[in-house]
Amino acid sequence: TSAQIGVTGLAVMGRNLARNFARNGYTVAVHNRTATRTKALVEEFGSEGDFIGTETAEEFVAALERPRRLVIMVKAGEPTDAVIREFAPLLEPGDMIIDGGNAHFADTRRRERELRERGIHFVGTGVSGGEEGALHGPSIMPGGSKESYESLGPMLEKISAKAKDGAPCVTHCGPDGAGHFVKMVHNGIEYADMQLIGEAYQLLRDVAGYSPAQIADIFRTWNTGRLDSYLIEITAEVLSHVDAATGKPFVDVVVDQAEQKGTGRWTVQIALDLGVPVSGIAEAVFARSLSGHAALREASRDLAGPTASPLSESEAAAFADRVEQALYASKIVSYTQGFHEISAGSEEYGWDIDLGQVASIWRGGCIIRAAFLDRIRAAYDARAELPSLLSDETFAREIAEAQDDWREVIIAATRQGVPTPGFAAALAYYDALRAERLPAALTQGQRDFFGAHTYRRVDRDGTFHTLWGGDRSEVTA
Ligand code: NBP
């Protein structure tokens with residue numbers, strides 16, 4: 001017998017993905033650099049389906065039916081290149097290497113180009129949903145050639161998460177690095193979502209005076225409405241958890257220094273390169289890095305702040321409703337920014353990514369899965385060339401309804417000294433887009449003054465320069 005698919009790299013993700021394929025009726029060849037992992041998988045889970053355990057690269061490749069489909073699930077970066085170097089010489093034209101790790105899309109573009117020259121399809125594939133997702137159905141974001149998707153698509157559709165309407169959470173994102181790019185922005189949006197939820201929590205705690213258990217209940221209520229999402233759901237779980245050792249709320253015994261693995265940072269770095277303002281995602285990444293500067297925070301603890309004035313019980317309840325509005329409006333802005341980045345990447349690299357499809361495949365399996373994504377898909381379905389999510393009538397109306405509360409929440413946060421960089425950056429983005437005139441005109445004047453960088457005029461075509469050091473007359477540049 002030969003395997004329809006092979007998985008190499010059998011740590012948590014690869015093991016669960018292999019089991020997912022097997023549970024869906026595929027024969028799966030499995031391989032790992034350290035053979036004990038392969039043996040353990042076959043011993044522990046062999047009864048779940050048809051596995052072919054292999055020890056050497058040659059055995060592994062020989063176990064695969066042609067054209068071969070070989071999934072790599074190893075640590076992103078150099079290990080991925082090492083595995084490609086090991087396996088590519090054993091493959092034939094038409095075979096497919098599927099990289100399911102969190103690769104940088106630029107690496108994926110390079111690997112795709114190099115392997116294409118040898119006739120091998122390299123399918124950089126974003127996989128989201130953590131280890132549970134890998135086992136029970138992740139959201140899958142494959143790039144690579146159309147041809148490879150014809151062969152792989154049906155298998156990926158089978159193992160993927162399904163949205164509530166039954167649609168598989170997988171689509172061919174576009175050529176070469178498109179899938180990993182989409183996954184990168186997914187993670188960036190995830191950072192922003194988490195930061196916004198964190199700010200909502202802190203406001204409910206420090207301004208409204210609620211306990212973690214009470215805030216968990218508030219999140220549970222929110223989760224029955226338009227904020228219905230995996231992240232809100234798990235937030236309620238984390239907040240209601242009590243530390244067994246101390247009896248304190250779990251959230252109070254965890255060191256408040258957030259770590260990161262890099263995909264959020266990449267999202268911001270690439271956005272800077274593409275010139276896309278993803279201020280909400282950037283603030284989320286910066287907030288994590290600020291939290292980690294323990295010495296700096298310690299040295300700043302005595303800096304002056306406002307006198308806290310806690311709200312009354314009835315004020316607190318009204319404030320919680322306002323925070324929901326602020327969170328929702330800020331969330332619309334982060335997704336607006338994230339989708340702008342995908343659209344800009346698609347343009348830059350000629351990927352032709354379908355934004356409505358992206359929203360659709362994020363509806364299930366992945367960390368940012370949410371009822372909200374149905375609405376985003378509907379927005380792009382109604383108007384594929386939507387210039388921005390904020391131009392969608394429904395979102396624009398919802399923000400119109402939320403904006404007074406959104407502003408009030410930021411005012412309260414500022415007055416009470418609670419940092420809300422995510423809420424505030426989102427509102428600043430919204431107000432900047434709305435503005436009739438931006439101070440960018442002044443910036444242009446300054447640039448022309450110190451560097452003769454020239455400017456355009458509102459009333460005439462052309463490029464101009466003012467002779468600032470002379471008689472200040474205007475010349476055509
Ligand atoms: P890890 O990222 O911890 O990688 C461990 C695997 O990489 C092991 O199988 C290890 O083999 C193999 N490996 C390494 Br390290 N260096 C190697 C080399 N030079 N040659 C061959 N194999 C090598 O595993 P993971 O957490 O399962 O994640 C796998 C991929 O999935 C990563 O790219 C990750 O970013 C991505 N991802 C993870 C999640 C998640 O929730 N964890 C979610 C989505 C995507 P060994 O057993 O011989 O050491």
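Colleague: Which residues are linked in a network of salt bridges?

Modeller: This is a predicted model. In it, a network of salt bridges links D81, D99, D107, R110, R111 and E114.

Colleague: How many salt bridges does the structure hold?

Modeller: There are 32 salt bridges.

Colleague: What makes E92 and R68 a salt bridge?

Modeller: The cut-off is 4 Å between a side-chain nitrogen of Lys or Arg and a carboxyl oxygen of Asp or Glu. The N to O distance for E92 and R68 is 3.2 Å, so the pair qualifies. E92 sits in the loop between helix 4 (78-87) and strand 5 (96-99), and R68 in the loop between helix 3 (57-62) and strand 4 (69-72), so the contact ties together parts that are 24 residues apart in sequence.

Colleague: Why is R68 called buried?

Modeller: Buried means under 20% relative accessible area. R68 has 6%, so it is buried.

Colleague: What is the distance between D95 and R68 in their salt bridge?

Modeller: The side chains of D95 and R68 meet at 2.7 Å, N to O. This pair links distant parts of the chain, with D95 in the loop between helix 4 and strand 5 and R68 in the loop between helix 3 and strand 4, 27 residues apart. D95 has a relative accessible area of 2%, so under the 20% cut-off it is buried.

Colleague: How do you know that R377 and D165 form a salt bridge?

Modeller: Their closest N and O atoms are 4.0 Å apart. The definition asks for within 4 Å, and R377 and D165 are listed as a salt bridge. R377 is in helix 17 (residues 372-382) and D165 in the loop between helix 7 (146-159) and helix 8 (178-206), 212 residues apart. R377 is partly exposed at 24% relative accessibility. D165 is also partly exposed, at 48%.

Colleague: Now the second largest pocket. What lines it?

Modeller: The lining has 22 residues, with I353, L355, Y380, A384 and E385 nearest the centre. About 480 Å³ of space lies in this pocket.

Colleague: Which helix gives the most to the lining of the second largest pocket?

Modeller: Helix 15, with six residues. Helix 15 (313-349), helix 16 (355-361) and helix 17 each supply at least two.

Colleague: How does the lining of the second largest pocket divide by class?

Modeller: Eight residues are nonpolar, eight polar and six charged.

Key. Residues numbered from 1 in each chain as written. Predicted model: local features only at pLDDT ≥ 70, side-chain atom pairs only at ≥ 80, totals over all residues. Heavy atoms only, no water. Helix = DSSP H or I, 4+ residues; strand = E, 2+ residues; numbered from the N terminus. Buried < 20%, exposed > 50% of the residue type's maximum accessible area, 1.4 Å probe, protein only. 1 Å grid on protein atoms, 1.4 Å probe; cavity = no way out; pocket = protein on both sides within 12 Å on 5 of 7 lines; lining within 4 Å. Points joined across faces, edges and corners; volume = space filled by probe spheres on them. Nonpolar A, V, L, I, M, F, W, Y, C, P; charged D, E, K, R; others polar.
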